[in-house]
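Let's take a walk through this structure together.

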Amino acid sequence: MRAVLRSLHVYPVKSLRGITRESATLTDLGLEHDRAWLLVDGQGQFMSQRRYPAMATIDTRLESDCLVLSAEGQSSLAVPFLPGDGRRFKTRVWDDDCDVLDEGDDAARWFASALRLDTPPRLVRMAPGFRRTLKRPERYGDGTTTFFADTAPLLVANTASLAALNEALEGRGQAPVPMDRFRANLVIEGPGAFEEHRHTSLEGEACRIGLRYPRERCVMTTLDQATGARDPSGEPFRTLRDINPMPDNPRGPAFGELGVVEAGSGAVLRCGDRFELTGERGPGA
């Protein structure tokens, strides 16, 4: 089944605003610079829009040698790609213990101001030499690793699936939602609604991405990614749960496919690239 790569998205800091790209380099860890940084609160816990919805309003930009962060009412902050000599400590991303490197007090003060927090959060990157190996090797492969993405290196979404969701929302008198609610890395066009759940690979000329499992969605889908405002009706979470539940959890909605790089690390992906959805997935797999 044919598919076209419609758009590419990189999220340099977990839960901050993403960047839409015309091209991006594929690595074993996902798209280059994706979820390479993380915010950690005063208790050492990773931060996300689930608890801090204002994170959605902070802009990110990639330059030749640094990440640039912008927030309304304050000067931009540049974070070099090369790691510094910050404090090394441990934090946890869901069930994974991670060694991280602190980006320093200036970054902490910048985020405290941007998010209006009394306790400055720490901006961190994965510590040099540390590899976060994913759980479930039978699903994601032995040795598969990523930075701070929730579950897998890549998230693939389908425009027809969004169209089906929006049709269902409008049928219930609810407003449609944009694709950015789902923070995907690769957005494809061509397959039918939720067809991505029925295949095991996305194959292109330069790479092959394994489609390993539907992505279970959470309350972040109810947050407007432009403003951080939460939908009072709990949409699109509720409608998505009704029309496309997880295979192992009917109370959890699914949108998009968790992906790993099976071949082609180092390839440059470009919008308009052509792919094939291949392999058949059994029911509930």
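What volume does the largest pocket have? It comes to about 390 Å³. Before going on, a word on where this comes from: this is a predicted model, where local features need pLDDT of at least 70 and side-chain atom pairs count only at pLDDT 80 or more, while totals for chains, interfaces and linings use all residues. Residues are numbered from 1 along each chain as its sequence is written, and side-chain values use heavy atoms, with hydrogens and water left out.

Back to the pockets. Rolling a probe the size of a water molecule over the atoms shows where empty space is left. On a 1 Å grid over the protein atoms alone, a pocket is an open set of points where a 1.4 Å probe fits, with protein on both sides within 12 Å along at least five of seven lines; lining residues have an atom within 4 Å of a point. Grid points are joined across faces, edges and corners, and the volume is the space filled by probe spheres set on them.

The largest pocket is lined by 16 residues, and closest to its centre sit Trp94, Asp95, Arg132, Asp150 and Thr151. Helix 2 (137–140) and strand 15 (208–216) each give at least two residues to this lining; helices (H or I, at least four residues) and strands (E, at least two) are DSSP runs, numbered from the N terminus. Sort the lining by class and you get 4 nonpolar, 1 polar and 11 charged residues. Here Ala, Val, Leu, Ile, Met, Phe, Trp, Tyr, Cys and Pro count as nonpolar, Asp, Glu, Lys and Arg as charged, and the others, Gly among them, as polar.

Now for the second largest pocket, with about 300 Å³ of space. Its lining has 18 residues, with His33, Ala36, Phe81, Arg125 and Phe147 nearest the centre. Strand 4 (30–31) and strand 11 (122–126) are the elements that supply two or more of them. By class, this lining holds 11 nonpolar, 4 polar and 3 charged residues.

How about the cysteines? The whole structure has 0 disulfides, a disulfide being a pair of cysteine sulfur atoms within 2.5 Å. For cysteine 207, the nearest cysteine sulfur, in cysteine 271, is 13 Å away. Cysteine 207 is buried at 6% relative accessible area (buried is under 20%, exposed over 50%, partly exposed in between, with a 1.4 Å probe and protein chains only). Cysteine 218 is partly exposed, at 24%.

Last stop: asparagine 166, in helix 3 (residues 159–171), is buried at 12% relative accessibility.
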